Every structure is written in structure tokens, then in C-alpha cells.
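Work through the exercises below with the sequence and the structure in view. Each task is followed by a solution in steps.

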Amino acid sequence: MPAKPRPPAPPSLPLHRQKQLLAFLRQLELDPTAPGGPGDDAATLAPIDEALTHTSAGLAYHHERLEFLGDAVLRLAAAEYLQREHPDLSVGQCSALRAQLVSDRWLAELGESCGLADVVQIGAMAEGDLAGRRTVLAETCEALIGGLYESWGGSLEPVHLWLDSHWRHTTAALLADPDQHNWKSALQEWSQGQSLGLPVYQCQERSRRHADPRRFVCRVSLAGSTATNGAEKSLGEGWGGSRREAEQQAARAALQHIRRQQC
């Protein structure tokens, strides 16, 4: 089946926007004017502009189409990276690692570190939603991956040039701590393996401010486990901007406590 032609470039991509996008790409060490690159004309930069235009901006071109494409491109590129850089890992290990490398959490952190928010066109209401900032960053970051793939004529080269160094850093951390960002599951596996039942999480909201990283505090314990004063014994405590994040941090603290005791 012949490839679907790329949508025509928006006729009104201003010169200042073209310069902004080109500067941003070069900041990512992606220069479309380099030998073998697609060039820096409006047609080449159009998918980048489309990817970095959030639906909340209310424009005809927005990120959703390229986010869909970017999802598939991201998974393929991550699989290629793992096969090339970690050929000795099992399929199960690669699958678990890839899930982290393509997660919304990872994409939001990548977008934050790369200054994506400075070039994304976004509506005023969404811009004021601090709690939704990470979602916008993850969505547009994934769309940008699709935009790069399209601008470079269906090549994964720019995706690898941008992401491989970030993946290298992340995989090193994940291989050093395989439970990273999945501490709740690891704690549950440990407690059930010890026939201690399921961990019990108790969360309290300490702040009403959205995007406050210490909005919730959570303590985790095991049913029936009590301290010397008769109170329920806490294995770990964690803080987070959401209940889920606070629970993960509490489970992380609990695992660290358990492993110290086992040493």
C-alpha cells in the first residue's frame, strides 16, 4: 500500500517561528541543514510545528496526529536501542525496560529537561494548569518524535540522535535499581513471598495546591504488624504530588528499610 502523503505545510508558518524551531532542533543537536539532512524550509519544519502545537491552542494544525505516529516510532526506536546496546538481556528484561523508556513519566521528564515548554504553542487555560503540565509535555514530546520521523522522510536516525544518550542514562539507573518507579509491585512481591499479606497504604492530603510535590504523605505497613507502643508499625513514608506518587515513594522507603535489615 503506498504511503499516505504528508499533509501540506501550513501556508502561514512565520519566519520567526521557523527560526525558533530551527534553534530548538539545534539545541537538541539535530541540525536539518547538516549533510544528509532534510533542510530548513517551511515544508520540512511544518511537522515539527504541528507536533509542538497543542490542541488547546485552538489551531487547525495540532499535535494529536503526530502523537499517534510518535507512539509507534518511539516503541520501535526503543526496541532497536535495547537490541543494540543490551543484546544479552532477555526478552522479558527488554520489555520491562522499554516500558520505562516510553512511559509518560519519562517523556514528561525528557520534555522538561529539553526546554520543550518554551516552544510549545498552548492555550491560555492549559498554560495555567500546572497539574496538567506534565501531561502536555508528555503528549507533545511524543508528537515531536513523530514529527522528527516525518520531517526526516521516515528515518529513525534523528530519533536515535536525540534519545539514545537519554536512554543510556536511564537504562543505567534502571539496571542498578530494577524496581525503580515500580516499588509498590516489588514490595507486594516481597511481602507475599514472606507470607505477610498485602501492604496497607494510608495517605493524607497535606496541601490543596495543585502541582505541590508534597501534597500527599503516605505511610505503608503490613496488616497485623505493630510497634512496641502498640501502634501500627510503619515500614516507610513517602511524599508526592499525587496519592499514587506518595504510595510509590512510601514503598521505596520500605524496600530500602527491608534491604538494610537484610544486609
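This is a predicted model: local features need pLDDT of at least 70, side-chain atom pairs count only at pLDDT 80 or more; totals for chains, interfaces and linings use all residues.

**Exercise 1. Determine how α4 and α8 pack, and which residues meet.**

Solution. Two packed helices are described by the angle between their axes and the distance between the axes. Axes here are lines fitted to C-alpha atoms over the stretch in contact, and angles run from 0 to 180 degrees between N-to-C directions.

- Step 1: α4 covers residues 91–101 and α8 covers residues 157–176; the angle is about 125° and the axes are 11 Å apart.
- Step 2: α4 is therefore oblique to α8, since angles under 35 degrees count as roughly parallel, over 145 as roughly antiparallel, 65 to 115 as roughly perpendicular and the rest as oblique.
- Step 3: Leu97, Gln100 and Leu101 of α4 meet Trp167, Thr170, Thr171, Leu174 and Leu175 of α8.

**Exercise 2. Is Arg215 buried or exposed, and which residues does Arg215 contact?**

Solution. Buried means under 20% relative accessible area, exposed over 50%, and partly exposed in between (1.4 Å probe, protein chains only).

- Step 1: Arg215 sits in the loop between β1 (199–205) and β2 (216–226).
- Step 2: The relative accessibility of Arg215 is 15%, so Arg215 counts as buried.
- Step 3: A contact means heavy atoms within 4.5 Å. Neighbours within four places in sequence aside, the contacts of Arg215 include Gln204, Glu205, Gly240 and Gly241.
- Step 4: For the protein as a whole, buried residues make up 40% of the 263 residues.

**Exercise 3. Where is Glu85, and how far is Glu85 from Thr171?**

Solution. 

- Step 1: Glu85 is in helix α3, residues 64–85.
- Step 2: With a relative accessible area of 33%, Glu85 is partly exposed.
- Step 3: Glu85 and Thr171 are 86 residues apart in sequence, and their C-alpha atoms are 9.9 Å apart in space.

How values were computed: Residues are numbered from 1 along each chain as its sequence is written. Side-chain values use heavy atoms; hydrogens and water are left out. Helices (H or I, at least four residues) and strands (E, at least two) are DSSP runs, numbered from the N terminus.
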